[in-house]
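This report describes selected parts of one protein model in plain terms. Please keep the sequence and the structure in view while reading.

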Amino acid sequence: MVLILLLRKGLIGMTKLRPRGRDSRTSLLNFGRHLVYAEGEKTEPNYVNEIKGLIAKKYQKNPNDIDVIIASEGGKSTIQLFDFAKKDIKKRIKNNETINHVWLFFDKDDFKIDNFKKTIENIEKMNNSEKTNDEGFKYDNKTLISWHACFSNEAFELWYCLYFNYLESQLTRKDYEEILNKKLSPDKYNKNNINNHELLLKHNGKLDNAIKNAKKLFKINGIINPSTKVFEFIEYFKAYMG
C-alpha cells in the first residue's frame with residue numbers, strides 16, 4: 001500500500017518561530033500542501049502520522065485538518081512507487097488541486113541498488129528549475145512542486161538509531177532493531193507502533209541528534225549504506241512541531 005499524506009494549506013497560524021529557508025524572521029508562514037508517498041505500510045506512515053499529530057496538537061487543530069489517504073496500488077518497488085506518485089500527481093494537477101511539496105519515503109532493503117539509485121535520480125529530475133523557491137528548494141518548472149527523495153539505506157530504522165548515536169557501519173534492518181531494543185529497554189521496538197518518536201524521546205533519544213547525524217552521513221556517503229535523507233522532511237517541519 002502507498003500512503004499519501006495531505007497537509008492542507010492554511011493549517012498553521014502565526015508564531016515567533018522561523019523555519020529554514022523562510023524570509024520572515026518573526027513568523028511561520030502557512031506551509032502549503034504536502035503529499036507524502038510511502039513504500040512501507042506501517043513504519044514510515046506511522047512515523048509521519050505521529051509528526052503530523054504533534055503539529056496538530058501544538059496548533060490546537062482538529063486531526064481532520066490533515067488528511068491521510070491509503071492508495072491501493074504501487075509501492076512494490078522503489079521505481080513503482082515513483083511511477084505511481086508521478087501518475088497520481090498528474091491526475092491531481094489535472095483536477096486543479098494545489099500541491100506544494102511531494103515527499104517519497106522508501107528503503108533500499110532487498111531492492112537492487114541500480115533501481116534504488118534510478119528512483120532517486122528520477123525524483124531529483126522532477127526538480128528541473130535552475131533557481132530555488134522562497135523556501136530554498138528546487139522545483140518543477142511546470143507545476144512549481146518541489147519533489148523530495150526521503151530514502152533510507154538500508155532501512156528506515158537507521159533514522160531511529162540516529163536519535164541516539166552516529167552510526168557509520170553497514171548494518172541490516174535486524175541489526176538496527178537490536179540496537180533499538182537495547183536503547184529502549186525495558187521497552188521493545190515495534191515497527192508497527194504509532195508513537196515511536198515519543199518512545200525514542202522517552203529513552204533520551206533526541207531529534208536534533210538524528211538530524212545532525214543523518215546530515216553527516218549523507219554528506220559522507222551520499223546514497224550508499226548507511227545513509228538516510230529523512231532529515232529533509234523533519235528539518236522542514238521541525239519548527240512547526242515546537
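Two strands are said to pair if DSSP finds at least two bridges between them. Helices (H or I, at least four residues) and strands (E, at least two) are DSSP runs, numbered from the N terminus. The model is predicted, so local features need pLDDT of at least 70 and side-chain atom pairs count only at pLDDT 80 or more, while totals for chains, interfaces and linings use all residues. Residues are numbered from 1 along each chain as its sequence is written, and side-chain values use heavy atoms, with hydrogens and water left out.

**Strand E5 and its partners**

Strand E4 (residues 101–107) is joined to E5 by seven bridges, and the two run parallel. Within this pairing, Trp103 stands opposite His148 of E5. Helix H3 (residues 113–126) belongs with these two strands: E4, H3 and E5 form a right-handed β-α-β unit. A crossover is called right-handed if, with the strands pointing away from the viewer, the path from the first strand over the helix to the second runs clockwise.

E5 also pairs with strand E6 (residues 227–228), through two bridges and in an antiparallel arrangement. Here Asn153 has Ser227 of E6 as its bridge partner.

How many of the eight residues of E5 are buried? Buried means under 20% relative accessible area, exposed means over 50%, and partly exposed lies in between (1.4 Å probe, protein chains only). Eight of the eight residues of E5 (residues 146–153) are buried, so the strand is largely enclosed by the rest of the structure. Both faces are covered: one side holds Ser146, His148, Cys150 and Ser152, and the other holds Trp147, Ala149, Phe151 and Asn153.

**Helices H1 and H8**

The axes of helix H1 (residues 43–58) and helix H8 (residues 230–241) come within 9 Å and cross at roughly 25°. Axes are lines fitted to C-alpha atoms, for helices over the stretch in contact, and angles run from 0 to 180 degrees between N-to-C directions. H1 and H8 are therefore roughly parallel to each other; angles under 35 degrees count as roughly parallel, over 145 as roughly antiparallel, 65 to 115 as roughly perpendicular and the rest as oblique. The residues making the contact (heavy atoms within 4.5 Å) include Tyr47, Val48 and Ile51 of H1 and Phe233, Ile234 and Phe237 of H8.

**Ala214 in helix H7**

Ala214 is found in helix H7. With a relative accessible area of 0%, Ala214 is buried. Not counting residues up to four places away in sequence, Ala214 touches Trp159, Leu162, Thr228 and Phe231. The C-alpha atoms of Ala214 and Ser227 are separated by 6.8 Å, and the two residues are 13 apart along the chain.

**Backbone angles in loops**

| Peptide bond | Omega |
|---|---|
| Ser185 to Pro186 | near 10° |
| Asn225 to Pro226 | about 0° |

Pro186 is in the loop between helix H5 (173–184) and helix H6 (196–202). Pro226 is in the loop between helix H7 (207–221) and E6.

Asn96 has a phi near 65°, a positive value in a residue other than glycine. Asn96 lies in the loop between helix H2 (78–94) and E4, and at 69% relative accessibility Asn96 counts as exposed. Asp109, in the loop between E4 and H3, is not a glycine but has a positive phi of about 45°.
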